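Let's walk through this model together, beginning at the place where two chains meet. Have the structure open as you read.

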Amino acid sequence: MKNRHGRRPGPVSTQEDVDRELRSHLALHVERLVAQGVPPEEAQRQAREAFGNYAAISSQCRHISEANSPQSLANMFDSIVADVRFAWRTLRKNPVFLATAVMTLALGIGANTAIFSVVNGILLSPLPYEEPDRIVALWERTPSGRDNSIATANFWDWQAQTEMFESMAVMSFSSSPTTVLGGEAPARVRTAAVSLDFFRTIGVQPRLGRTFGADEAVEGAPPKLVVAHSVWQDLLGAPADLAGQTLRMNGFEAEVVGVMPPGFNYPGRSQVWFPIELYGFNPHRTAHGYSAIARLLPEVPLEAAAEEIDAVGAALYEIYGDETDAVGVNVYPLHDELVGDARSPLILLLASSGMVLLVACGNLASSLLARGTQRLPETALRAALGARRGRLIRQAITEAVVLAVLGAVVGMLTAQFVTDALLRSAPGDVWRYASVELDPAVLGFTLIVALGTAFLFGLYPALRLTRSSEADALRGGSRTVAGGGTRIWSALVVAEVALVVVLLTGAGLMMRSFQAVLDIDAGFESTGVLTVDIDLPEENYADDGAVARFLDGALAELEALPGVDGVGLVSHLPLSGRGTNGQFDIEGREPGAGYSDYRVASPDYFETLSIPLVEGRFFEPGDQAGGEPVVVVNEALAREYFGDESAVGKRVGNLANDNWIYGEEWMRIVGVVGDVRHRSLTRAPAKTIYVHYRQRPLRARTPTITVRTTGDPVQLVNPVRNVFARLDTEIPTEITPMRDLVSASVRDRRFTAVVLSAFSVMALALAAVGIYGVVAYAVARRRRDIGIRLALGAEPGRIQHEIVRGSLLPTVIGLGIGVAASIALGRLVTGLVYGVGTADPMTFAGVAAILLATAFVACWLPARRTAKIDPMTTMRTD
Amino acid sequence: MDLLKGTLDVLILKTLSARKAHGYAVAREIQEQSGQALIVEEGALYPALRRLEKRGLLRASWGQTDTGREAKFYALTAAGKRHLKQSVSDWDRYVEAMGLVLRGPKA
């Protein structure tokens, strides 16, 4: 027993205080005994004997003094720091567990946050315009109830006759770029003609300069332009002052009056805006092709305004009858218009990432449980030695929190990384409409889910321990786990497997759809073809002769290049997103009986793209300007209008797509060619008429030249560019291998398939790790039993067999549940799937095979270890 | 004789009402004052002292005995004094009630 004299400096821990007091008691007792004449050693012995159970009393005193003691802030901080240090030391002792747990958390948190931020940014966030929920899109409604693009004559009446809208605007834009000159280099930009109130309606102000004035938005006024930020930067050289800045397009010089903020490109990714009023008033109420938007007055609900404008539309129909084909007006929020198509795939991705998160949590839960139960004896010992239940729980919590914080930090880094990767490889224009940032709310939610799991399952063992008696736990060694524990494991495995099955099925369906789309016969060959988009400015190529001469020369020069197999041209290339269509007359039928796509082509065009000739002939050198007008049609058109009869020899005329230039003359069908998928690979081919460029040159002023090469098309890019530079320096050219265009058209599908597959692989890996862990833990738990059985002569093979079988049962159950869930959920994604049914047996078979194989390996590996169990050692240690 | 449950606290408070004392002294005092009838075990004494301190009825401080040994001394707080008074009054009433039941009303 130590003698202490005087006080120790600084705050004293409760334990020390208790010890001091009790020892002081003993000392005083000894002192008294000695004073009564008892010899010192005898006195000490008596005193100690009389004292009782020192440890128990000390412990009890400590508990009393410590319970709910309002510790000073410094004390509390100290003990928290001590707990954290202790937790960190414990975690570090098992690095495999630590790494697995952190990575699992990181994956779940990271992937989920990233996807959700992106989805949130696109689907759920408001548009980057002022008060975007008040902007609506307007469409004409046809008698059959469908949306139709607008005729301006109708629009002006709507604008004049409605009162519930703050402003309205009509727009015309196309995805075909226009040549713009006068800047630092000739360029092709997308232009939009917009009415006066456009900028006010969309709610975005120019960053520099102004928008059009009322006097500039009239027919005959000198044209003014508002340009996009990129145009201002690249074409104008980013001048701080717009005075005197002009650009030349469509044959006239226009002054630039305003610059829009960076990123603004509505509608249709436009880069230059000019007043639509410059075109003058078009009285035709069937001259469709325009779009309109409107801004609701504040406080006016959409339904009321929609009703009003619909009534106006209906009234116009009453008045104008045949002149208009719009029976009313359909109104939609602009947000839906812009993101509509992207909704389904994004939601699919969101659901998938949620599933990955769940699987990750499941793994985390199971490994925490395993660890906690494994440490039950150790924990029980600590409790017996005086650790209070509250203390134990606090330490368990601290461990879970440290783990969770680590996982969260790595998770946030992962989230940032994944978001960047997603945005960089993202398809589609709609992704650029949104400003996507890592959403703190999403991060918070994901953190809560993941940390919640860590908490719950980290606490569970500590809670269980304090319920059962400590002595029991000690006595039972490592066999204390009650039967209820096994059920949790099985449930976790079942749940994880089910989730993985759903994910794998989804990925499988997306992949097969993607493959199916790639397998589509598009009707043309894109390998080895180089495409050149050119734009002949109106001012230099104002008549047939000029255009035809240029095109003749270009085709000839290109054909002469080495490595070139054939050269053609077409007004609108398949899968370019551009096209035009219109009515025509068929000889012998009532006027306007025909309607089809309209293309201008050269004789060799079909061969460059390997479009087959079905009947008759292609265009030939004999077909000249001034000669008999000829057309070539496709199979779809021939079938629809002429059935089993041959289309060759029949005549069509009065093509709406060129009759205002070339009149209504009859043209003879000389050949039928194969169908081509034009709009997209998955849309059926449309009826098409091809006219000869020499007979309709003015309609081929923005053609695409197709160059078939013998080798790699990319190698001819420069020679081709040089040809055009030689012919005319003021013509911008855009050169792309056709394969890239085809590939771009399936970008969305590919993206969804790839991301979904990545998620499934992640989830599968996680689940495999989870199953492995569960089985390994089961084996470890039953080492004694296995050891005994081995000692009694059982074959290792049989034991392994048993273990694997037992662990595969929950897997199979999970598989069944997963398949059922996939079938049920399949109905929701029919829109995204192409070429396969959503309950496709082959996909399920593949998924089942992959899953069972993985699960089998995950079960078998740890089961193999049983063979290495030495019966002697297991029975000795324990 | 075993102490009735809950009575140790009152005894401690009473003992300390006279003057400050350390735990050992309190135990001895109770023992002597009761004519050796009530023996207070350390296992009961010290937890009780600490409980009373936590409840704010006692105030503790380290000091030295007259023989120069260090010991933890306890003293009544104002609340302790009030509690003692109430407890004594409760005890008297309890004893009277028990007496009435056990021996019948006094003549």
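Predicted model: local features only at pLDDT ≥ 70, side-chain atom pairs only at ≥ 80, totals over all residues.

Residues are numbered from 1 along each chain as its sequence is written, chains are lettered from A and ligands numbered from 1 in the order written, and side-chain values use heavy atoms, without hydrogens and water.

Now look at the whole interface. In contact (heavy atoms within 4.5 Å) are 18 residues of chain B and 28 residues of chain A. The two chains bury about 2300 Å² between them, 50% of it on carbon and sulfur atoms; buried area is the accessible area (1.4 Å probe) lost on putting the two parts together, summed over both. On the side of chain B, Y24(B), R50(B) and W62(B) lose the most area to chain A, together 33% of what that side buries.

Finally, turn to chain A, where helix α25 spans residues 783-791; helices here are DSSP runs of H or I, at least four residues, numbered from the N terminus. Its buried residues (under 20% relative accessible area, 1.4 Å probe, protein chains only) are I786(A), G787(A) and L790(A). Seen down the axis of α25(A), they fall within an arc of 100 degrees, taken from the directions from the axis to the C-beta atoms, so they line one face of the helix. Just after α25(A), G793(A) has a positive phi of about 105 degrees.

Technical notes
Buried < 20%, exposed > 50% of the residue type's maximum accessible area, 1.4 Å probe, protein only. Helix = DSSP H or I, 4+ residues; strand = E, 2+ residues; numbered from the N terminus.
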